[in-house]
Amino acid sequence: MESIGVLLTCPMNTYLEQELDKRFKLFRFWDYPSSTDFFKEHSNSIRAVVGNTTMGADAEMIEALPKMEIVSSFSVGLDKIDLARCKEKKIRVTNTPDVLTEDVADLAIGLILATLRRICASDRYVRSGSWKGGDFKLTTKFTGKSVGIIGLGRIGLAVAKRAEAFDCPISYYSRTERRGTNYKYYPSVVELASNCQILVVACALTPETRHIVNREVMDALGPKGVVINIGRGPHVDETELVSALVEGRLGGAGIDVFENEPNVPEELFALDNVVLLPHVGSGTVETRKAMADLVLGNLEAHFLNKPLLTPVV
């Protein structure tokens, strides 16, 4: 397989990059200043693309690489891949589900605790020497608070399971009501937000779910409510989020993903009721290796004419 051309769209994981280099003829997209020149020179050499949440395979790339057979995504999300065009051209698509579920769900709980208990602000309080001048202000508990989840898929269910351990009543919104669960279902996000204290975003990003958390949803959640986003940045209307937090219409937010990563609204930096993370939901050594192994396994299965491990298209 050393002669098979594989395009890595951007730096994403050292282990993955090293293994791709060993097993295939690897092209690093970022090594070429001009994508136009790259496509002109190598368009007939690339049979596979490896992308992630930063850069996948859009319509332009798909058209520019006529020999492309498979897109193997180093992520569970597929919003950076033109799935319709892939189906049209019979290009296979794979992702990395399941292996990152536990880490992302763990982080969601961590964000809830950090936001409600002001863990990051408390840490800064100690480091700055402010404790010598008096105790830190009281915070609010997590145990027993109602948790609403947007998207009851793998990650949403894992978050629900963990929140149940804190005696939290669970409710959810999804496109359809899920069978086999006792969680309360609401047919709209506004109704869900009106009936929970913590709103967790855990759905896939699609045109329909873009800005699914908007001003109306934030106002329904209210001045004591908290938004936790471990989905995708565009799920939340960031401009409205900033306004709601600054004006006190929303109680707090724990955010791992942003609309224009790595750019984050600077108005959030001074707010102690906000916890900001640099998109690290699956960012553990163990999970990133498992994700990389899935990417490699899917590529090798495809080129050996074996069933794909995690097929999407």
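The largest nonpolar core has 51 residues, and Leu-20 and Ile-149 have the most contacts inside it. A nonpolar core here is a set of buried Ala, Val, Leu, Ile, Met, Phe, Trp, Tyr and Cys residues joined through side-chain atoms within 4.5 Å. Buried means under 20% relative accessible area, exposed over 50%, and partly exposed in between (1.4 Å probe, protein chains only). Helix H5 (residues 101-116) gives this core its largest share, eight residues. Apart from this core lies another of 28 residues, including Val-189, Ala-253, Leu-268 and Val-274. In soluble globular proteins, nonpolar side chains tend to be buried together.

The model is predicted: local features need pLDDT of at least 70 and side-chain atom pairs count only at pLDDT 80 or more, while totals for chains, interfaces and linings use all residues. Residues are numbered from 1 along each chain as its sequence is written, and side-chain values use heavy atoms, with hydrogens and water left out.

Leaving aside residues up to four places away in sequence, Ile-149 touches Gly-156, Val-159, Ala-160, Ile-170, Ser-171, Tyr-172, Tyr-173, Leu-192, Val-200 and Ala-202. Contact means heavy atoms within 4.5 Å.

**Helix H2**

Helices (H or I, at least four residues) and strands (E, at least two) are DSSP runs, numbered from the N terminus. In helix H2 (residues 35-42), the buried residues are Phe-38, Phe-39 and His-42. They fall within an arc of 95° seen down the axis of H2, so they line one face of the helix; the arc is that of the directions from the helix axis to the C-beta atoms. Lys-40 and Glu-41, on the other side of H2, are exposed. The cover over the buried residues of H2 includes strands E1 (5-8), E2 (25-28) and E3 (46-51), and helix H3 (59-64).

Two strands pair if DSSP finds at least two bridges between them. E9 runs parallel to strand E6 (residues 147-150), joined by four bridges, and Val-147 stands opposite Ile-198. Four bridges also join E9 to strand E10 (residues 226-229), again parallel, with Val-227 in E10 as the bridge partner of Leu-199. From E9 the chain crosses through helix H9 (residues 215-221) to E10 in a right-handed β-α-β crossover. Right-handed means that, with the strands pointing away from the viewer, the path from the first strand over the helix to the second runs clockwise.

**Salt bridges**

The structure holds 20 salt bridges, each a side-chain nitrogen of Lys or Arg within 4 Å of a carboxyl oxygen of Asp or Glu. Three of them are tabulated.

| Pair | N to O distance |
|---|---|
| Glu-17 and Arg-28 | 2.6 Å |
| Asp-123 and Arg-127 | 2.5 Å |
| Arg-215 and Asp-219 | 3.8 Å |

Glu-17 lies in helix H1 (residues 14-23) and Arg-28 in strand E2, so this pair ties together parts 11 residues apart in sequence. Glu-17 counts as buried, at 18% relative accessibility.

Asp-123 and Arg-127 are four residues apart in helix H6 (residues 119-127), about one helical turn. Asp-123 is partly exposed at 36% relative accessibility, whereas Arg-127 is exposed at 68%.

Arg-215 and Asp-219 are likewise four residues apart, in helix H9. Salt bridges that share partners join Arg-215, Asp-219, Glu-240, Glu-247 and Arg-249 into one network.
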